[in-house]
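Please open the structure in your viewer and keep the selection tool at hand. The stops below are taken one after another, each with something to select.

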Amino acid sequence: MPKKKITNLNEDFDLKLFVIIAKNNFYWIVVLIALGLTFSYLYLRYTPPVYQAQSVIKIDVVNNANAILNINNNALEQSASSSLAGDIELIRSRVILGRALSRLPLNVSYYCKGTVLLNELYTGSPFRVEATIKDSSVMDVPINIEFQPEDRVKISYRLNGKNNQGVFKADELIRLPELDLRITVVNFKVIIDHQNAIKKQAYFFIINDPETNVNHYIRQIRVMLLNQQAQTIQVLYNDNNTYKAADMVNAMVSEFNAYDQERKSERETRSLEFINATLANIDVELKNSEFSLEAFKKDNKILNPTLNASEDLTHINDLINQRILVQLDIAVVDRLEKNLSQNTELSSLVSIIAGTYTDPVLSTLIQNIQNLENEKQKLKLQATDENYSVKAVQAQIRNQRDLLMSSIKNARLSLQSKITLIDSRISEFENKFMELPGKEAELNRLQRMFDINQKFYALLLEKKVEFSISKAGVVSNNIILEKAYASPTPISPVRKIILAGSLAIAFVISFVIIFFRYLVYNEITSLEEINQYTDAALLGIVPKYKSEIPVSQLLVDKNPKSAISESFRSIRTNLQFISNDPGAKVIGITSTISGEGKTFVAINLAGVIAFSDKRVVIIDLDMRKPKIHLGFSVENIRGMSTILIGKDHPDACINHSNLKNLDFITAGPIPPNPSELILSPKMNELIDYLKNLYDVIIIDTPPVGIVTDGVKIIQNADIPIYILRALYSKRMFIQNLNKLIDENKMHKLSVVLNGVEMSRFKYGYGYGYGYGYGYGYGYGYYDEETKKKLTRWQRIRTVFSRN
């Protein structure tokens, strides 16, 4: 069966390995969660809260007076209702905002300095400032104020690169070069407590420039269409002060309603202005004609004249009435032309002709312009002035205005022709009066002029009354469905979202770190993993010792019922499957690098074999880094190096351990040429000599991944063993193992996996390969004994040391 290719990355997902890596990196989760919670606390502590106030209004208008007076004029009704698009633009306009700001106490802004944050006090300031500006350059400049004992205040500010300061008396007029101030203390205790708390200038104020105020607040106002069918609009405003946010929205809605009512009654206002101006002129003419008539009667002593030609007088009176109406139409047309030439709003054009002039051509043109204006407002909700559709509508409006101007001129010519015709008819009848006696004719003429002016005056008064009633009847029917209130909960930052987001980010980063470490994790974890990459025999596993390994490293004699002892007995049993020939056996033990536990395995395997009444000797052939002498606590003054150079006889270098049947030969002094000594013929002679004395010879060879000294020894051994350490040896080390099998023909080479954390591998690696049967016998006895010896604090430290 072909084995998997060895790579540095984990290409397959192993849940158990992932859990192991997650446990090993659990501290990252703890650290990142702690950092996330710390960030959340700092962010929530030092980020100014943002509060939102909102109001909902329903747009509508009803003119009750028009219904009472039965004024049925389509143009008038169309101009009275404005589109929602226009109302939205109006609410967010600088006009409404400026009017709203003038109602609020925002001409002076009060601020309180905290340790980190800066708070606007709005109406909660413990002092008040009244200012008279002399130099506008002082506006929008922070003016620091420090309150001192005996009702004194220190004022300081920087203007034009110059520092200005002074100490003054509170509640008195303070005269400065740029402004006059009067500072009134509202709550002195609050001021002093805060100043003492932060140990620096705690308060300052800014005298706001109205235009700057508008520019600042207009960016924070949002007006949106809530429901087109219901004609509802929502007004939103965000601010760090919840009370200011609520007051701002309520002020804007109130000012919009007031402005809307003024706008709806604008036609009546302009008509009344026109009527009042005309009345002023007619009043002068009426008084003059009345004075002339009375003077003529007085001079000629005429009290009740009886005039003839009553039929001619009737015709003259009818013509006079017609002339009055035509004069009124001419006045309306003149006013209409003047406003149109000045690009006045269309509503003013409608108001001029409303109820006074009924020319269908002009009314139709004005109505067309009104419809185009409404269409343009709707388009501007979705497009800018540069949009093609908007430009097309604007072009149509200009064409209609030009056509209206031409029609006005034609209407004036027509009206003037009527005046000329009426005047000629009146002249005909007046010529007949010339035949009457001179005084009677003059009296009739004066009376006629008086009647003309009186009737014209009476007509204008009647129209004035009508429009006054209509103006009084214009009521803004915009309903405030939801009034803004000061919300106690900020919309930003949201505590739950910040905490949840920080924890989520911490978990995501932790997962990424763990997943990355899993992806690049290159350590061997189990026999099953080794079996995927090599054909070497899997001899068994050695559990990880949960306590500190003693210097002797020999454990099997101290706790024969422990899991480690049982594992070495299982390995001893499996050795027969590697080589079962009669005679002495040579077991060569090696690894890839130092630290994988080959010396530990060699000593304990020798001890277990010695328990079975076989004579065992351990040879420390790792002369560069000898350890056997440390395991048995002896000196290393003689050993393999002195034997191989012929200085000492093998019998003189054999040491006896405390364990029956177990001897050992140390490495001896470190030689300069260990490779030549190991490969010398005396090495083979020594092995043959020891075979006559012992049943099993265990050779602790140098790591073959670092040096090649021990390859020949492993190759000639009856039972070659390759040590790998769980969670320590790299996966690429298996390539060295395969290389020994394939290139050096070590087909008997078997593997022992050392340092396996059994709490993580409870499913019993080794089963299924023909090795390790009966492994679980006695497992846990030694652990229980160890736990009894450990204190609670030691057990806690042991748990964390595992992680």
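The model is predicted, and local features are given where pLDDT is at least 70, side-chain atom pairs only at pLDDT 80 or more, while totals for chains, interfaces and linings use all residues. Residues are numbered from 1 along each chain as its sequence is written, and side-chain values use heavy atoms, with hydrogens and water left out.

Strands here are DSSP runs of E with at least two residues, helices are runs of H or I with at least four, and both are numbered from the N terminus; two strands pair if DSSP finds at least two bridges between them.

**Strand 21.** Next, select residues 696–700, which form strand 21, where 5 of 5 residues are buried, meaning under 20% relative accessible area with a 1.4 Å probe and protein chains only. V696, I698 and D700 point one way, whereas I697 and I699 point the other way. In a regular strand the side chains alternate between the two faces of the sheet. Strand 17 (residues 585–591) pairs with strand 21 in the parallel sense over 5 bridges, and strand 18 (residues 616–620) also pairs with strand 21 in the parallel sense over 5 bridges. Opposite I698 you will find I587 and also I618.

**T599.** Leaving aside neighbours within four places in sequence, T599 is in contact (heavy atoms within 4.5 Å) with Q553, K627, I628 and D700.

**The cores.** Finally, select L404, I408 and L460, which have the most contacts inside the largest nonpolar core, of 37 residues. Such a core is a set of buried Ala, Val, Leu, Ile, Met, Phe, Trp, Tyr and Cys residues joined through side-chain atoms within 4.5 Å. Among the helices that each supply at least two residues of this core are helix 10 (266–300) and helix 15 (438–473). Apart from this core lies another, of 36 residues, including L539, I603, I721 and V752.

Terms used: Buried means under 20% relative accessible area, exposed over 50%, partly exposed in between (1.4 Å probe, protein chains only).
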